[in-house]
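Here's a quick briefing to read with the model open. Take a look at the fold, then work through the points below.

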Amino acid sequence: MDGLFECTDSDGLIYRINPSVKLIIAFAAGMSAFAVKSVAGALFIAVLTILAAALSGLGRKALSMALLLAKISTLLFLIQLLCAGGGNVIFRAGPLRITDEGVFFSLLMVAKLIAASLPLMLALSATKRGDLANSLVQNCRLPYKYAFALTATLKFIPALAGEMAQIMEAQRARGVDFDVRNPLKKAALVAPLCLPLMLSCVRRTENSAIAAQLRGFELRRRDSGYKKYPIGIKDASAAALSAVALVFAFML
């Protein structure tokens, strides 16, 4: 996940779209993914997202995100496969059974999860947190407190992941071996590290709150930002296309 969600400077199409419109398009794509009723439809949305990312120079990052989502979805697939009932039994081992409807339902859920999450992850990785907060305040009239809370949460996730990696490296230097195949043993090794991670999180939150207060956080208003985020023709066209795609997804 190193650098996967960091926004780098670029002049690609996705980078030039208004941050608020970009977020709306991502949500529309996610709703379209949940609206389609076939695996092929969900995969089509995912492929379309990767192609759009490739046009903006984000093809490799989009593929890495899709691979990460596929790994996360593996557990969901197995749970759905074993819990879904109905249909013809194609495999049985004691009380466990796998049906054809269970396989289709599990594949559909995994495909929908990837197709719905990928646009949002891509939009957030191509948007600077400050631009996203200011755009939500100016264009969507969202109170700055809520916009700040949203962007601070998004900023803290990779920061905490990096903090956790540093803690694990420190434990490895002391002889702890985290490269075990048994997931229960690995969970038992990682669980004690949650306490120093929580303490670090509290310390970071306190420092951020003090820094925000010193910069006049309570005085921020919608017109306080120097940079403006107008919605142009290309933003409106992209939003209209996503709306049309959403309507087609519900009709199919």
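H2 and H5 run roughly antiparallel to each other (a label for angles over 145 degrees; under 35 is roughly parallel, 65 to 115 roughly perpendicular and the rest oblique). Their axes cross at roughly 175° and come within 8 Å; axes here are lines fitted to C-alpha atoms, for helices over the stretch in contact, and angles run from 0 to 180 degrees between N-to-C directions. Keep in mind that this is a predicted model, where local features need pLDDT of at least 70 and side-chain atom pairs count only at pLDDT 80 or more, while totals for chains, interfaces and linings use all residues. Residues are numbered from 1 along each chain as its sequence is written, and side-chain values use heavy atoms, leaving out hydrogens and water.

**Overall picture**

- The protein has 10 helices and 2 strands, which are DSSP runs numbered from the N terminus (helices: H or I, at least four residues; strands: E, at least two).
- Starting at the N terminus, the order of elements is α-α-α-α-β-β-α-α-α-α-α-α.
- The C-alpha trace spans about 65 × 55 × 30 Å along its principal axes.
- Of the 252 residues, 37% are buried (under 20% relative accessible area; exposed is over 50%, partly exposed in between, with a 1.4 Å probe and protein chains only).
- Among contacts with a separation of 6 or more, 71% join residues 24 or more positions apart, a contact being heavy atoms within 4.5 Å.

**Helix H2 and its partners**

- On the H2 side of the H5 packing you'll find Lys22, Leu23, Ala26, Ala29, Gly30, Ala33 and Phe34; the H5 residues they meet include Lys112, Ala115, Pro119 and Leu124.
- H2 (residues 19-35) also packs against H6 (residues 129-139), at an angle of about 90° and with the axes 8 Å apart, so H2 is roughly perpendicular to H6.
- Here Pro19, Ser20 and Leu23 in H2 meet Asp131, Leu132, Ser135, Leu136 and Asn139 in H6.

**Salt bridges**

- There are 3 salt bridges in the structure (a side-chain nitrogen of Lys or Arg within 4 Å of a carboxyl oxygen of Asp or Glu).
- Aspartate 131 pairs with lysine 227, with the closest N and O atoms 3.5 Å apart. Aspartate 131 is in H6 and lysine 227 is in the loop between H9 and H10, so the bridge ties together parts 96 residues apart in sequence.
- Aspartate 131 is buried at 17% relative accessible area, while lysine 227 is partly exposed at 47%.
- Glutamate 163 pairs with arginine 204, the closest N and O atoms being 3.3 Å apart. This pair links H7 to H9 across 41 residues.
- Glutamate 163 counts as buried at 15%, and arginine 204 as partly exposed at 34%.
- Arginine 172 bridges to glutamate 169 at 3.1 Å between the closest N and O atoms; both sit in H7, 3 residues apart, or about one turn of the helix.

**Surface and loop**

- Phe44, Val47, Leu48 and Leu51 make a nonpolar surface patch with about 400 Å² of accessible area together. Patches take residues with over 30% relative accessible area and no salt bridge, joining like charges within 9 Å and nonpolar side chains (Val, Leu, Ile, Met, Phe, Trp, Tyr) within 5 Å.
- Leucine 48 sits in H3 (residues 39-55) and is partly exposed at 47% relative accessibility.
- Proline 143 is in the loop between H6 and H7, and its C-alpha atom is 9.4 Å from that of arginine 220, 77 residues away along the chain.

How values were computed. Areas by Shrake-Rupley, 256 points an atom, 1.4 Å probe, with all protein chains shown as cover.
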